[in-house]
Amino acid sequence: MRSFLYIQISSFRESKSDDKRFYIFTATKTLHLRTKSKKEREDWIQALVSTRSLFSLSPQNDNTPLLTRALSVSTDRLKRRLLEEGIGEGVVEDCEQIMLSEFSGVQGQFQLLCDERSNLLDTLRQLEAANIEAEGSGINDGEYQLLKHEYRNLARQKYSEWSTTESSDDVEKQELEEASDEEELHFFDTNEYFHEPTLGSESIDIDQMDDCMRLGKQTNNVCKSDAKGDVIDPRFPHFERRKKLPDPIEKEKGVSLWSMIKDNIGKDLTRVCLPVYFNEPISSLQKCFEDLEYSHLLDQAYEHGKAGNSLMRILYVAAFAVSGYASSEGRHCKPFNPLLGETYEADYPEQGIRFFSEKVSHHPTVIACHCEGKGWKFWCDTNLKSKFWGRSIQLDPVGTLNLEFDDGETFQWSKVTTSIYNLILGNIYCDHHGMMHIRGNRDYSCKLKFKEQSILDRNPHQVHGFVEDAMGKKVSQLFGKWDDSMHFVNGEGSGNAKDRSEEASLLWKRNTIPPNLTRYNLTSFAITLNEMTPGLKEKLPPTDSRLRPDQRHLENGEFDKANSEKLRLEMRQRMSRKLQEHGWEPRWFQRDGEGPFRYTGGYWEAREQGKWDGCPDIFGEITQDLINSLEGS
């Protein structure tokens, strides 16, 4: 998640225990920074103080326009005019007193308005930190109210002050807590995160090259990045894909989520019918392919293992397992639930992968997928159990993810729990938490802990773990954030990996966020999933998700058509149970007893020949013949 720092409401303080370290305090968080030298720290603080002076919260009598409170009125001109008209002095004096009396009432009301305005400006200054920081950090309304008293106390302090001494008891206490806190933040090298843009799409980023040199010469050819910092692979052909969704044709209409799901508390949300407003324009079949966005990590794992470095192989496998969660940040809409027999193909020659998925069961909903890359295969079948608890949804994945390299080494793992919070009030956000155990069939296995986010967590989305050998000895440590990056440090170490962050090497970093985000917050990769590239439609089977009409209408911004088509397809969906009960079998996957579904082959060969025998028109109209066939069966 991107974060903002508001200089005008921040204060700065040097560390007492480390002459290279300093802090930036805001109302809701503390930033810990460390420079290369004491002189550089002084330059940083001087620059921050100078910058803040341009936007400081000055008192009202300095910069805020003042309303004149001492209003006065003169009656001389009016008296002269009345006397010129021959009006008696007694009547003129009475008129003057009436006018002054009315003005006195207006002046009193104006004085009250001035006082209210002054109080309002003071309150805004006090709450500016809380209001801005709460929006930027995803704090919901309830938490905001609980903290408002603390924010007001902070607002009464002088934000323009900073000190080079450690006279503050709070800072002293904080440093002592940091020294003993097991979750102490590690320092990220800004050279890795804010590198200079490359000169061309084929330029090699220097920091990434250094990482590759440390990890082995075998992977230098897959560590290139484009001008945006996204990873590309020069071994594969370039393929131009779209950069944005189509402009919507209609204006979107909002819908109350609470009005739709208040009667479904405690139920399985996969069976709750919601309007398309709550969907994103991709299906669950396509969302499975999002886990392969960073497939280059598996390419690197293959190269390392091929060169005999099994440790680096599992490290890259672990980074791949974490990277699949990065696209979930800010994604608050639900993917379309596929129809029984619906499929999705993804042929991405620029990444050297081919992916295929099919919905193989309706109740329970099970999606099977298979992907082939350079020297590896990936497959899984997944089921998602969901529960709605009023303010949140808990999603528990069921199923195992499998990875096999050409040399026979395999890895298996299961996904962690996902929770979505603040569905009714506050800012919606998701969190992934739990233990992930990556089991290998040879030398190494890996355990990763996705730390559950707590209220006002200063450093959310943390992931940390270790690799151990067959004897149970820890040989490497991993740490990072599922929405940002993963690093590793070799060796067992005497403490946490964050204590050795300067030795750490980068395994994976999230791709840049696309400009002009819509409310769906799709990544650059996700934007391409439902794209109908030239000549593709003629090659697809009638079951492919790209041909689903309600999903296509939603992508085009035709919301009324999308809703009507979704209702029609849900009628077909209800027929799926009867199909399954009467012996329906998946077209491209087969189950071995009670084990997972495995790809049986033949899809890409059928695609090449254009023969889709046995693939029904699942998105077509509901005919009487179809109804009769189901009733007759």
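**View 1. Phe 356 and Phe 589, two buried rings.** Phe 356 is buried, and Phe 589 is buried too. This is a predicted model. The two ring centres lie 6.0 Å apart. Their planes meet at 5°, so Phe 356 and Phe 589 count as stacked; the cut-off for stacking is under 30 degrees. Phe 356 belongs to strand E9 (residues 353-361). Phe 589 belongs to strand E22 (residues 589-591). The pair therefore ties together parts that are 233 residues apart in sequence.

**View 2. Phe 405 and Phe 411, an edge-to-face pair.** Here the ring centres are 6.2 Å apart. The planes stand at 85°, so the pair of Phe 405 and Phe 411 is edge-to-face; that class needs planes over 60 degrees apart. Phe 405 has 2% relative accessibility and so counts as buried. Phe 411 has 1% and therefore also counts as buried. The cut-off for buried is under 20%.

**View 3. An aromatic cluster around several Trp and Tyr residues.** One cluster takes in Phe 356 and Phe 589. Across the model, the count of aromatic pairs comes to 22.

**View 4. Lys 415 over the ring of Tyr 325.** The charged end of Lys 415 sits 5.8 Å from the centre of the Tyr 325 ring.

**View 5. Lys 474 over the face of Phe 466.** Lys 474 lies at 4.4 Å from the centre of the Phe 466 ring.

Technical notes
Residues are numbered from 1 along each chain as its sequence is written. This is a predicted model: local features need pLDDT of at least 70, side-chain atom pairs count only at pLDDT 80 or more; totals for chains, interfaces and linings use all residues. Side-chain values use heavy atoms; hydrogens and water are left out. Rings of Phe, Tyr and Trp (its six-membered ring) pair if their centres lie within 6.5 Å; planes under 30 degrees apart count as stacked, over 60 as edge-to-face and the rest as tilted. Helices (H or I, at least four residues) and strands (E, at least two) are DSSP runs, numbered from the N terminus. Buried means under 20% relative accessible area, exposed over 50%, partly exposed in between (1.4 Å probe, protein chains only). A charge sits over a ring if NZ of Lys or CZ of Arg is within 6 Å of the ring centre and within 35 degrees of the ring normal.
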